Amino acid sequence: MTPRTPPTALERATRLLTAKSRTTVELRRRLAQAGHEVAEIDAAIEKLTRAGFLDDAAFARNFARSRLSSGKRSTRRVRDELRTKGLGTEMVAEALDEVSADEGISDARAAEALARKKAATLRDVDRQTARRRLYGLLARRGFSPDVIARAVGLALGASQDD
């Protein structure tokens, strides 16, 4: 029985990209952790980029679209997630602007919809508790204090009596 040769950086990178989309930084990090040499990693990334299998700008747009269209995350939260994936500030801003314009997405509308949905489940609690829970939910999702205050006010005004 012959020993199996370890996969090349290109083979491993292809497998990683088949499993899920990744940024160049994420892929580089994973290949380095697997013990591949920098030159081999660079060659694999260059080949995958030229072939169109690795495209950070497309990744940023697709990631932003999927996260923002659900209405459960703020633009700021998605921006932070993309930055942790190793994408540059300018690329992230362009992706968020493009997706927001194309999809007609705004933080205010998303926060209001989420607050109204959650407020419907809070009918049995007092107004102060409902306000606190709604504020916490929206803050954890990354919405700004101004957007949260407006959304909570609208949701509670629509769902509970004063």
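**A quick tour**

About 220 Å³ of space lies in the largest pocket. Keep in mind that this is a predicted model. Let's start with that pocket, then turn to the overall build and the nonpolar cores.

**The largest pocket**

- Its lining is made of 13 residues, and those nearest the centre are Ser21, Arg22, Ala58, Phe59 and Asn62.
- Helix α4 (residues 56-69) gives the most to this lining, with 6 residues.
- Sorted by class, the lining of the largest pocket has 6 nonpolar, 4 polar and 3 charged residues.

**The overall build**

- The chain has 9 helices and 0 strands.
- Its radius of gyration is 22 Å, well over the 15 Å that the globule rule gives for 162 residues, so the chain is more spread out than a compact globule.
- Along the principal axes, the C-alpha atoms fill a box of roughly 75 × 40 × 20 Å.
- Of the 162 residues in the chain, 38% are buried.

**The nonpolar cores**

- The largest nonpolar core has 17 residues, and Ala111, Ala115, Leu134, Leu138, Phe143 and Val152 have the most contacts inside it.
- Helices α7 (107-119), α8 (127-140) and α9 (145-159) each supply at least two residues of this core, and α9 gives the most, with 6 residues.
- Beyond its neighbours within four places in sequence, Leu134 is in contact with Ala115, Lys118, Ala119, Leu122, Val152, Ala155 and Leu156.
- A second, separate core has 13 residues, including Ala64, Leu68, Ala95 and Ile105.

Key
Residues are numbered from 1 along each chain as its sequence is written. This is a predicted model: local features need pLDDT of at least 70, side-chain atom pairs count only at pLDDT 80 or more; totals for chains, interfaces and linings use all residues. Side-chain values use heavy atoms; hydrogens and water are left out. A nonpolar core is a set of buried Ala, Val, Leu, Ile, Met, Phe, Trp, Tyr and Cys residues joined through side-chain atoms within 4.5 Å. Buried means under 20% relative accessible area, exposed over 50%, partly exposed in between (1.4 Å probe, protein chains only). Helices (H or I, at least four residues) and strands (E, at least two) are DSSP runs, numbered from the N terminus. Contact means heavy atoms within 4.5 Å. On a 1 Å grid over the protein atoms alone, a cavity is a set of points where a 1.4 Å probe fits but cannot get out, and a pocket is an open set with protein on both sides within 12 Å along at least five of seven lines; lining residues have an atom within 4 Å of a point. Grid points are joined across faces, edges and corners, and a volume is the space filled by probe spheres set on the points. Ala, Val, Leu, Ile, Met, Phe, Trp, Tyr, Cys and Pro count as nonpolar, Asp, Glu, Lys and Arg as charged, and the others, Gly among them, as polar. The radius of gyration is taken over C-alpha atoms; the globule rule is 2.2 Å times the number of residues to the power 0.38.
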